[in-house]
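The sequence and model come next.

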Amino acid sequence: MDPKKKPFTFMHCYLEFVKYPKWELRELEVSHKKQKKKSDASPGVSAAAIIDDDLSVSSKMLEREEAPSGTKHEKEARKGKIPMSDSSSCKLSLQSVWAQKQEKDEMKEASKSARYAQVIELQKEKVALKKIDVELKQFEIDERVMLVDTSGMNTLQKQFYEGKQKEIIARRQGMSDTNQALQLQSFSCPVKTSPTPPRSNRSPRAGSGAAPGHDPMLSGDQDLPDGIGMARLAWTRLPTADGAPPEGSASTSAAQDELFVGAVESLDYEVIENYAYREEQAQRSKFWVPYYIMLKWFFALLIGVGTGLAAIFINLAVENFSGWKFTLTFKIIQHSYFVGFLVYILLNLALVFSSVYIITQFAPAAAGSGIPEIKGYLNGVDTHGILLFRTLVGKIFGSIGSVGGGLALGKEGPLVHTGACIASLLGQGGSAKYHLNSRWVQIFESDRDRRDLVTCGCAAGVAAAFRAPVGGVLFALEEVTSWWRSHLMWRVFFTSAVVAVVVRSAMNWCNSGKCGHFGAGGFIIWDISGGQEDYSYQELLPVAIIGVIGGLLGALFNQLTLYITKWRRTYLHKKGKRVQIFEACLISLITSTVSFVLPLLRKCSPCPELEANSGIQCPHPPGTDGNFVNFYCSKDNEYNDLATIFFNSQDDAIRNLFSAKTFHEYSAQSLITFLVMFYSLAVVTFGTAVPAGQFVPGIMIGSTYGRLVGMSVVKFYKKLNVDEGTYALLGAASFLGGSMRMTVSLCVIMVEITNNLQLLPLIMLVLLISKAVGDFFNEGLYEEQARLKGIPLLDSRPKQIMRNMSARDACKNQKVVCLPRVSRVVDIISVLRSNNHNGFPIVDRGQNGEQLVIGLILRSHLLVLLQSKVDFQNTPFPCGPGVLNRHNFSDFVKPPSSKGKSIDDIHLTDDELGLYLDLAPFLNPSPYIVPEDMSLAKVYNLFRQLGLRHIFVVPRPSRVVGLITRKDLLLEEDGDIATTELQSTSSSPER
């Protein structure tokens, strides 16, 4: 390289770039301006197309660019001072610099285009908002015009306003037709609520606004449509960020609704104080209250008589079927045990088949004991079908077949369900489906009144099953009810007393032998007053052992039945009714085989020496009731102790186990065999498709191991006056306490059925110990079964975690579905079809245009209004007070335990779908409201104690309207109240 030549640097290229002729730069600028004018003239041309054109112009200029002639660089190149390769490299460097410049320009243009698009979108939104504001103002003007009263105007003014009103109606009708495709789906509930609910004497205009002088409670900042001009806003379902359906959609609303199980629905124990209710209350005379009270006592009498007669019929049938069965079997086995075995099995199979066939084909709700369902009903949850007439029939005849067929079941639980069905049917005036109803007795139409009647029926069922009226009252109070009043206790006690009188009268009539095998011992009552009269402190230890055993076996029984029932419902019963029938028949075959074959394997024992005046015969004649059954014995003076409790009816078996002064009647091997086999059969049988109670099986299981402990005590304490039958009674109480977890009512029932008040302290001790041991492992039998059946019971106490939660935490993930006061029929249909909610808040606009929650309307009420169609209107304005005369309060009453109306039952034409419906006269204007920061435990107690179905959760009120104290609630008949507030005892007057 020539040392005189200077090396080529990037500065040369930069200098050459600066020396470019200005006409080429002007040509580039002119092309940019042309492209910009072209884009302004054509709004549809995208920014990408402009950038492509700029790139094409730049590339063309680069293709034809050359080094400027006459420059120093060109002259030096011609003279050979600068090589030509350096010139080409300079040209390449110019191209790279130009490309970088073009890239920066492209980025600037792209950002400018994006900002321009954002500005356009913001302008469009502003225009849309201004349009909405204009429409709102126009709507307010139109509303004022529509509300003008033209009755006192002259002809010219009347024509003017009537013409304007017609124009407004035509314009709105056109708007609604244009937006008919936009249906109301789901949106957030307004968060402003009226501090005072609208009263029945308010005008339509006042009802749609806030009360004068009262500020609405602020609940948020969301703005919602008022529902009258729904065409001006599109109420559509807003998608979530990930594209999933909103929380209020049909796919998730069922899981978030208060009634989360398919065949279960909450009850409305709250009084719905709508206009129809208030009008009906205003029309009642002063004689209505005494008449209403007299009817309640009269219905309590009818419930007691009906339940007593039903119990007599069930016991007559069961005792006679069992007596005929055992009499025939004993006659046949005198000649052939095999033929007697076949006859015994076939008779039991026929009775069980009749029971399971009635249940599966006619009354599926009659299966089981029915106590979990009734407990749920009184807790505020209605299971469809549990109180119908066919359920009552299925319960009565199904119990006869299942208990008479020898299954390890009882009829006491079904009797409780039977009493509840009788009470419900009497309260609703009979059954309309089977044309067995009467209008004159349809007085108790609210869920509150029906709840009281069903409570009386439950107590009557227990009183009829055990002849224990006081125990029935306490059972209803302790076990099934969640809400209690002193007036209700008096009526329940009266009902139980009526049942006791009816049952005792039937017993006295049957003592003469007119009832067949149903004699003096037909009902479950075991008199052990002639047994052990006293006890010592040394017996407290074995009594405590019995309590521990009862708690363990009871908890095990609950857990095993829970697992087997869950498996049965999940896998077995889903295969159809035939499988259920086959299962019940198979269990009947197994039970009959065990009860007949096991006594054959046991050796007979010689009859013991009995007292002359004991009234006990050994052995007793075949086919008759009593101890010491002669079954498969070689001698006449022998008996089979296992057949005495196995090959016998349950009532007679319990009577034999409770019998006093029968020492060494049963061997330990026979009692252990019976305990293991009967315990297993009871676990397997519970949950089949037949009416089933657990009182009598529990008593049999407990009395068996109780007698075992009694035998040990007699053997160990030889000097004590100990009776084995006493320990059998304590064992029965311990197992029932460990399984059902009842204390007070069960203690009274055991005392009443045994006629031995001296054993009351021991029974109390056993129940307390067995319940404490059982609670350590699981819940009670009825609570476990209710949870398995999907019945959401509210316990008496809230959980500890609720004290650290607020009402806002409980409903933070909910999406409330609201309805405007005046809604289109098609929008209401869309809301009912899109979710399963049973209550909808109603919103309206106040005088200042703010959103207010004016009440709550139930789904069932909406269905009634849609089906009747008499309240549809053509205009989207609040209706007048004349609508109050169109409906009675009884129109909205849903029959108990029925599914009621469904949205699929509503059939409307296209013209009817375009009409409007004013919901204000039919909503509950005063629902219960709690602040959002209230403790969830406090909300729980309020919800359960008042028997509510919905509670509104709102933010803190902005102001206080007033304070209610005790003196404000001390109203006299004339309406006067005390003039001074009750003062604290700690304050002293001034002197």
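Where is the place of S926? S926 sits in the loop between β14 (916–918) and β15 (929–931). Strands are DSSP runs of E, at least two residues; helices are runs of H or I, at least four; both are numbered from the N terminus.

## Basis of the model

This is a predicted model: local features need pLDDT of at least 70, side-chain atom pairs count only at pLDDT 80 or more, and totals for chains, interfaces and linings use all residues. Residues are numbered from 1 along each chain as its sequence is written, and side-chain values use heavy atoms, with hydrogens and water left out.

S926 is partly exposed, at 26% relative accessibility. Buried means under 20% relative accessible area, exposed over 50%, and partly exposed in between (1.4 Å probe, protein chains only).

The side chain of S926 makes a polar contact of 3.3 Å with that of E273. Such a contact is a pair of N or O atoms within 3.5 Å; within protein, one must be able to donate a hydrogen and the other to accept it, and residues adjacent in sequence count only if both atoms are side-chain atoms. I854 lies 72 residues from S926 along the chain, with 8.2 Å between their C-alpha atoms.

## Two helix sites

K104 belongs to helix α5 (residues 84–146). K104 is exposed, with a relative accessible area of 56%.

F298 lies in helix α10 (residues 288–333). F298 is partly exposed, at 36% relative accessibility.
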